[in-house]
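The exercises below ask you to work through one structure step by step. Try each task with the sequence and the coordinates in view before turning to its solution.

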Amino acid sequence: MKTHFLLPNSFKKIGWLLFIPALILTVVFSIINGDADSYLNVTTFAIYQETIGQKSGFFSLIENSITDELLTIAMIVGGLFIGFSKLKNEDEYIAKIRYESLVWATYLNYGLILFFTVFIFGMPYLNVLFYNMFTLLLFFIIRFHFKLYQLNKAAANDE
């Protein structure tokens, strides 16, 4: 079976190495209300910035903590590598499971956005939107691997 848009299988290990630590650190910072902005402060280029106490503007150098940016990049890249790397035995049925898991995750994700849009307001809603960057990939990865687990368990029981 030809899989045009999937990454090589070796990317899955890299994905797990990026995704899991970034997810854990993001959850820890969220739970303890940790200040991620107190780590890794560097001067960085900003296309646009608007910060309290600083002059807003385009194309400037600013002092910024890049902790949250690094965690976001690691979670997104890791999630993409995990979800869209070929399996060792990629076939049509696996492709069907992958497709159905992606559709299911999309429905669930946007259903939750609609729910939270109706019932959560103010700054907590911005937190919902922030975490929503990751939930589609997370739901997809969980469902896809759960369905693979069910498939492998059924195959083992048939033998």
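A residue counts as buried under 20% relative accessible area, as exposed over 50%, and as partly exposed in between, with a 1.4 Å probe and protein chains only. This is a predicted model, in which local features need pLDDT of at least 70 and side-chain atom pairs count only at pLDDT 80 or more, while totals for chains, interfaces and linings use all residues. Residues are numbered from 1 along each chain as its sequence is written, and side-chain values use heavy atoms, with hydrogens and water left out.

**Exercise 1. Describe how helix α3 and helix α4 pack.**

Step 1. Locate the elements: helices (H or I, at least four residues) and strands (E, at least two) are DSSP runs, numbered from the N terminus. Axes are lines fitted to C-alpha atoms, for helices over the stretch in contact, and angles run from 0 to 180 degrees between N-to-C directions.

Step 2. Read the geometry: the axes of α3 (residues 92–119) and α4 (residues 123–158) come within 8 Å and cross at roughly 150 degrees. This makes α3 roughly antiparallel to α4, given that angles under 35 degrees count as roughly parallel, over 145 as roughly antiparallel, 65 to 115 as roughly perpendicular and the rest as oblique.

Step 3. Sort the residues of the contact of α3 with α4, which divide into 18 nonpolar, six polar and four charged. Here Ala, Val, Leu, Ile, Met, Phe, Trp, Tyr, Cys and Pro count as nonpolar, Asp, Glu, Lys and Arg as charged, and the others, Gly among them, as polar.

Step 4. Compare with another helix pair: α1 (residues 11–31) packs with α4 at an angle of about 130 degrees, the axes being 13 Å apart, which makes α1 oblique to α4.

**Exercise 2. Classify the ring pairs of Phe-58 with Phe-59 and of Phe-115 with Phe-116.**

Step 1. Rings of Phe, Tyr and Trp (its six-membered ring) pair if their centres lie within 6.5 Å, and planes under 30 degrees apart count as stacked, over 60 as edge-to-face and the rest as tilted. A search of the whole structure finds 10 aromatic pairs.

Step 2. The rings of Phe-58 and Phe-59 have centres 6.4 Å apart and planes at 40 degrees, so this pair is tilted. Phe-58 is exposed at 58% relative accessibility, and Phe-59 is exposed at 59%.

Step 3. For Phe-115 and Phe-116 the ring centres are 5.4 Å apart and the planes stand at 70 degrees, so the pair is edge-to-face. Phe-115 is partly exposed, with a relative accessible area of 45%, and Phe-116 is partly exposed at 25%.

Step 4. Ring pairs also join Phe-45, Tyr-48, Phe-58 and Phe-59 into a cluster.
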